[in-house]
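User: I've got a model open and would like to talk through it. Could you take my questions one by one?

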Amino acid sequence: MLGLGHMARTYFTIAVIGATAASPLGAQGATRDVRAPISAEIRDVHYDVTFDHASASNRRLTVTTTFTVAGSGPVLLSLPEWTPGAYEISNFARWVEDFAVRGDGRELHWSKGDYDTWRIDPASAKSLTVTFTYAADTLDNAMAWSTRDFLLLNGTNVFLYPEGRSLAFPARVTVHTEPEWRVVTGMHAEGANSYSAGNYHDLVDMPFFIGRFDLDSAQIQGKWIRYVTYPQGSVSGAARLTAWDQLKKVIPPEVAVFGEAPWENYTVMQIADSSYQGASGLEHQSSHVDVVTPLAIGSQFQPSLYAHEIFHSWNVKRLRPADMWPYVYDRADPTPWLWVSEGITDYYADLAEVRGGVTDENGFYSTTAAKMREVADTRPVSLEDASINTWIHPVDGTQYVYYSKGSLAGFLLDVMIRDASDNKRSLDDVMRELYGTVYKRGRGFDANDWWSAVSRAAGGRSFADFTSRYIEGREPLPWDRTLALAGLRMSRPNVPRLGVYTIVDSSGVLVTKLEQSASAAAAGVREGDYLISIGDIPVIDEQFAEKFRAKFGGSADGSPIGLKVRRGGSLLTLTGKLRFAPGDVELGRDPQASPKAVRIREGILRGTRG
Ligand SMILES: [Zn+2]
């Protein structure tokens, strides 16, 4: 998963302008029956999904499940409470309507076993058909959403499973839709709009796009990649070429980490809709689903979103914490390892961008420095606690810090492994070893697997102290001594400071607070003004901060600067004086770096060792 806050930060946070991030969906608690009910065994499971003009006009789909009852007693059918990767309880049974069961040609009685389970008495019938409609009206990449000509559907939303039984049952899916509409899914095709999965985990990990959308394909390193976008025309012309160029650059460095692409083909599925604030991706084993504001198309965030989600096809969809192996669907599935599954995934997204040439060395430093600032601006929280807490969406600002802080922890481990091994090994070796051993032997990793692989890569060095201080503990990450090992240093240069806080509303960039005696207040800017331009640079410009620094960073303290504001119905031109103050932390090359530190720095940026 990757989303929201990152997008808001990319767009609206500039040196003098604050940002407001959209809040995530509210958490809902879950209580469970202490007994463990078990369904009668069922076989030959077939799901029919119908989405056509008629159902689209109601924003509904119809799902019919047919199966054979292979045991005695009641059949208990459940829907998942969550979609793996979206670590929150959603209770997909909420959107079910008109649930009905027929057996051997007659209607059968059912009742709820619990809020996500239907209890059916087969009354000696062997061949059962369960039908319901499902409301597809939630624009979220873990859920179901439809328009007059399109449906996003996740298997977790609608595919019933027998409670308490093995999830290793094979299943088939047939999609019934308009002849001119298309179907895209990662599932194995068995015929026209007919698909199969070997087990329930695979079944619900292959979302569907049904309807009208754009689709094209290209081979990258010998594997077919499909790029599927809705609505038609939403990513066209130069924007589509840019997206393909980014995919061609970020995928090879990720394959290089593990030595193989784990999928036969991979599908990027993207919805752009102006009702959606920000941008969010959700990973699957051979696809991912992005939901984005149209503003995100072609933004700097786009390649990092794609690189992040695609890296997940190794890290979390395959190499996964033991706590989530296998996934459970009837309750929350917390793990203290999201700092690896999400944070280190985000570190590798940054590495894929710089190693693939989407960004340059300075781009990598500025992304890393932004993560350092985000962590510094957040309450101290241990990576393990932040990983577990995400399920309850804490309101203290720490909810998603395992992304940025976990990414930085991965960066530190990479530097320490390279330093201890004279740059002969790296974090790449840890990822590749665990993927090749733990995952390929069919299990999840635990603390012993992870830390012994890290220690082995670092020539036997112990990471017990590092773990207790920075992973289990809340101590600030040890930048001073670690950055130098990679030929890097932090600095905090003086920058022009206007001392104005803003939000973006429908009328523009609104001043909400002023630092008294700082430049803007001294020039006469007031709370309630709308900022138009500063030093002739429009504040709405996405590149405002860069342009402002470029133009005024070298000016003398006290130089004059013009500000244009809108106050009521009038446009005012104000004149103030530039004032300098210590700015944000920046990361860059250390001019005194040793030859070894330079080799380590180059190794991180290029993906090389030695
Ligand atoms: Zn993620």
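Analyst: Helices (H or I, at least four residues) and strands (E, at least two) are DSSP runs, numbered from the N terminus. This is a predicted model, where local features need pLDDT of at least 70, side-chain atom pairs count only at pLDDT 80 or more, and totals for chains, interfaces and linings use all residues. Residues are numbered from 1 along each chain as its sequence is written, and side-chain values use heavy atoms, with hydrogens and water left out.

User: In what order do the eight strands of the open sheet come?

Analyst: The pairing in this sheet is mixed. Strand 5 (106–107) and strand 14 (188–191) are the edges, each pairing on one side only. The order reads 5-4-8-2-1-12-15-14.

User: Which residue stands opposite His-46 in strand 12?

Analyst: Strand 1 (residues 42–50) and strand 12 (residues 171–176) run parallel, joined by six bridges. Opposite His-46 you'll find Arg-172.

User: Which residues coordinate the zinc ion?

Analyst: Donors here are N, O and S atoms within 2.8 Å of the metal (3.2 Å for Na, K and Ca); water is not among the atoms, so sites may look incomplete. Their spacing along the chain is M-x306-H-x3-H-x29-E. At 1.9 to 2.4 Å, the zinc ion is held by Met-1 (N), Met-1 (O), His-308 (NE2), His-312 (NE2) and Glu-342 (OE).

User: Is His-312 buried or exposed?

Analyst: Buried means under 20% relative accessible area, exposed over 50%, partly exposed in between (1.4 Å probe, protein chains only). His-312 has 0% relative accessibility, so it counts as buried.

Technical notes:
Two strands pair if DSSP finds at least two bridges between them.
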